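Below is a note for a colleague who has not seen this structure before. Please read the points with the model open.

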Amino acid sequence: MNAAIEFARPLVSIRHLRLEALTARGTAHILRGIDLDIGKGRIVGVVGESGSGKSSLAACLLRLLPANVSRLDGEILFDGVDLVPLREPAMNAYRGARIAMIFQDPMTALNPLFTVGTHLRDVLRRRHPGMASDEARRRSIAALSSVGIADAALRLDSYPHQLSGGMRQRVMISMALAVEPDLLLADEPTTALDATVEAQIVSLLENLRRTFSGSIVFISHHLGLVAQLCDDLCVMYAGTIVESGPVDDVLGGPRHPYTRALLACELDDEAAGGRLVSIPGEVPDPVDARDACVFAPRCPHVREACLAGMPALRDAGPGRRAACVRWEEIEFERSKPAPR
Amino acid sequence: MTLAATALPALVEFAGVSVIFDGRVRALDDVTLAVGKGEIVGLVGESGSGKSTLCRVLVGLTPPSSGTVKVGGRTVTEQLAQAPLAFRRRAQLLLQDAVASLSPRMTIGRTLEEPITIHALPRANARLELDGILTRLGLSTDVLAKFPHQISGGQARRVGVARALLMKPEIIVADEPTAGLDVSVQGELLNLLLDLQRDFGLTYLLVSHNLNVIRRVTERTAVMYLGQIVEDARTSELFAKPAHPYSAALLSTNPVVDPKKRAHPIVLQGEIPSAVNPPSGCRFHTRCPVAQPKCTSDPPLLLPLDGGRRVRCHFPFSLAPRGQ
Amino acid sequence: MTALRTAWTILRRVCATLTGATGFGIVLVVLVAALFAPWVATADPDKLDVMNRFSAPSLAHWLGTDHLGRDLYSRLVHGATIALAVALSAIAVALSVGTLLGVAAAYLPPRLERFVLIVFDVIASFPSMVLALAIVAVFGPSTTIVIIIAGITLMPHFGRVARGQVLALKSAPFLEAERILGASFGRIVGYHILPNIIGPLVILASMDIPVVITIEAGLSFLGLGVRPPLASWGTLIQDGYQFLSESWVPVVVASSALAVATLGFTLFGEALRDAVDPRIRQEH
């Protein structure tokens, strides 16, 4: 199951993706050469902290980029077609048809002037132009029920402000699913929700695997959540992917120092007492275009080789990749018994 | 009303505190809680639980509609009336949005002068102390010339702590101290807070939705739901074996990274009810997986259990901590 | 000094657009004329020379003379002084009284607040000319009256904006933080609220300058404003209008000055408003 990525052609194949934007302080390097494969039917978790570029990656897939973007290079092969050179009308044909997205804040993602029913009807009509009203209504009710909304028929006439946060998120998910997309992007869909409501949505997303056949990209800063939901994991730092692979393998035995440090920082089950771990230093400034390993300034294993150029994402095990020139050495050092 | 789990003399005492907004919204309902001197108490709950209101009542921002809050034996209302500045120096609140808690058009230096000016602290002395505090918090002096929007979230939080420390408070209430901070820097801030607590003998009330923070940092935790305290226990005991079904469900929602330790969370039905019209009987009964008929009609009281724990439930321990 | 640097940045932004630069240019010219009138003018604006009435533009009289032989150009220049003096005084009155009432309204109990708002509404819905006529009828025409009338007319606008700004700010975390520190109400209003609301109010003030200039010109045209020998542009237009059959020059010249000045201040005010947008915060 965990080597599926290599053998089937991936749905999305991203190569050398670069994204730059103009800011008052100079050119910000938001994505510095991303290589990523998203397998068909897989749930890929993208994890990163602030400045990692994870949300920008999703924005690139949909090409919903802010006005100050100055450069978008590379290749995004979606089912064989490169999305990067597409003109706007061609790209728009993908949005809401083959690629759908769920956003973090359900309050601002829904138009306050339209009812839930109108939202769903619009989505369905975009996907199946000319759909009859009663057909659209029937399908809308089914869509809402499938995400666990009781009294779906009544809910169709509700406005977004009349619904709770959890309910709105479910509506957004049902809208995204109604698109019947090949690729579903979820950008921190549970971050704005209360814990118990988040648990409901997470449960919903887990059950989704049985009915939804497309691929999902789940973006989050929460490692635990990604560990629970996703098949594959992709760890981002400062606009680059530092590690990728099957989720349990990566989290069980990280190859990149950043992944390892991040895991150590997760305040897990330990009881109180003992110093809490953090990573010293700061995330590099996106305007800084240095050609070296982005994590080098904060890495406990840094050597001169790390400063010679950006490390490539290379093989780190079956279906795994890590962007660290020294990962084998570090593994070896760690496996040696501690000196007496 | 027995006070839970604390052998230390109580510095803060909430006695039957209720807060009603606009005559309709019961943000807090009959809350009774004690915090001992030098204790670190955690407060968990979701939206509408009243945890933020509780913090504001403690520092005197929101007056209680009924009941009393005592700090050091005297009520907050009394202290605010008779010696407001002295009380302000005793209890400080670190707001959730650290950057927004700093005046946007004032430099950090000017903002840090505020407590000195307001409380007429001796200037030369205060300057020295400020330098010491800044060093202690890992802030360099060039932050003093910057504006709030020019510094990072972590720095803003530390500036907030510095501002509070200048007044040598006894109590610090921290509302979501790690909110907005990356995982990789949370540890540093929490270590700092723990060190300060130890060195200055501070008493903390820590609100966090991050259960891992609560677990690692606090000694005792109070779980709140819809304006009431539903459980109050030693943190380690609470996490090991929660008594209230809501505590059990809430604690189980915390996803764990280690695949070996992962278990199925308890998923509750329904949404959090509104505070304007809380459910009858036990407020949690509408979502409780193990509710009995008694729970619908009979509101449970916050009663002591063994080991200094208090629970507001007719049938405590009836929900296993990590589902099936 | 960051304040000066900010001012310079704003100015650069204003002049970056054609309309902004034009507006600023005109404002500069009017300012110079108004502030340095005795030096910018070429002659005494009140010097009569009836023999030379309605003379054509010449080296001695750049724009010719009016019906009493007075130098039109110099009268125009001194008119600028009046226009600006009245405008700035009236706005100062409106700004201070309006802000005071607006801030108070934001903090008063609901009944009193409603009363203040009603006062604003009454003043705002009153036709200013009728109000002017009424006041002048009681107190007689004078520059001070013009200033008071313009001030009263504009006050509700500032009051409402000030109140809106304070309301938006009232629940801001940093104000709560100051309360927690123990800051008194006065300190919070003086040090924390006022500096944060002054921005939009200043923009409003700059956009109201042309409004006051026009009010003043209108009142003076009707003879309800400044009294002779002071000559505002409105008076000049009135004078020229009376003798329109003998010469079209005074009316055209004075009206043009009024129109251009009003346009200039409007363009400048709008460019200023755009330049001070939240964008400026990104630049820090």
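## Notes on the model

1. In chain A, A:E20 stands opposite A:H29 in strand β2(A). The two belong to a pairing in which ten bridges join strand β1 (residues 12-23) of chain A to β2(A), and these strands run antiparallel. Two strands count as paired if DSSP finds at least two bridges between them. Helices (H or I, at least four residues) and strands (E, at least two) are DSSP runs, numbered from the N terminus.

2. This is a predicted model, in which local features need pLDDT of at least 70, side-chain atom pairs count only at pLDDT 80 or more, and totals for chains, interfaces and linings use all residues. Residues are numbered from 1 along each chain as its sequence is written, while chains are lettered from A and ligands numbered from 1 in the order in which they are written.

3. The open sheet of four strands in chain A has the order β2-β1-β4-β5, with antiparallel pairing. Its edge strands are β2 (26-38) and β5 (81-82) of chain A, each of which pairs on one side only. Helix α2 (residues 54-62) of chain A packs on this sheet and touches β1, β2 and β4 (69-78) of chain A; its direction makes about 75° with that of β2(A). Axes here are lines fitted to C-alpha atoms, for helices over the stretch in contact, and angles run from 0 to 180 degrees between N-to-C directions. Residues are in contact if their C-beta atoms, placed from the backbone, lie within 7 Å.

4. Elsewhere in chain A, A:P300 lies in the loop between α12 (257-265) and β11 (314-315). Is A:P300 buried or exposed? With 10 C-beta neighbours inside 10 Å, A:P300 counts as exposed. The cut-offs, with C-beta atoms placed from the backbone, are 20 or more other C-beta atoms within 10 Å for buried, 12 or fewer for exposed, and partly exposed in between.

5. Chain B has eleven helices and twelve strands. Its radius of gyration is 20 Å, close to the 20 Å that the globule rule gives for 324 residues, so chain B is as compact as a globular protein of that length. The radius is taken over C-alpha atoms, and the rule is 2.2 Å times the number of residues to the power 0.38. Along its principal axes the C-alpha trace of chain B spans about 65 × 50 × 35 Å. Buried residues make up 50% of the 324 residues in chain B.

6. Eight strands of chain B form an open sheet in the order β6-β7-β8-β3-β9-β10-β12-β11, with mixed pairing. The edge strands are β6 and β11 (303-305) of chain B, each pairing on one side only. On average, neighbouring strands of this sheet are turned by 20° against each other, direction ignored. Helix α1 (residues 51-58) of chain B packs on the sheet, touching β3, β6, β7, β8 and β9 (220-225) of chain B, and its direction makes about 150° with that of β8(B). Helix α10(B) lies across β3, β9 and β10 (228-234) of chain B, at about 105° to β9(B).

7. Within that sheet, how many of the five residues of strand β7 (residues 171-175) of chain B are buried? Five of the five are, so β7(B) is largely enclosed by the rest of the structure. On one side B:I171, B:V173 and B:D175 are buried, and on the other B:I172 and B:A174. In a regular strand the side chains alternate between the two faces of the sheet.

8. Four bridges join strand β6 (residues 91-94) of chain B to β7(B), running parallel, and B:L94 stands opposite B:A174. Five bridges join β7(B) to strand β8 (residues 203-207) of chain B, also parallel, with B:V207 as the bridge partner of B:D175.

9. At the interface, 34 residues of chain B are in contact with 36 residues of chain A. Helix α7(B) gives the most to the chain B side, with eight residues.

10. In chain C, C:T153 is found in helix α7 (residues 143-170). C:T153 is buried, with 23 other C-beta atoms within 10 Å. Not counting residues up to four places away in sequence, C:T153 touches C:S128 and C:I215. The C-alpha atoms of C:T153 and C:S128, 25 residues apart along the chain, are separated by 6.5 Å.

Notes
Two residues are in contact if their C-beta atoms, placed from the backbone, lie within 7 Å.
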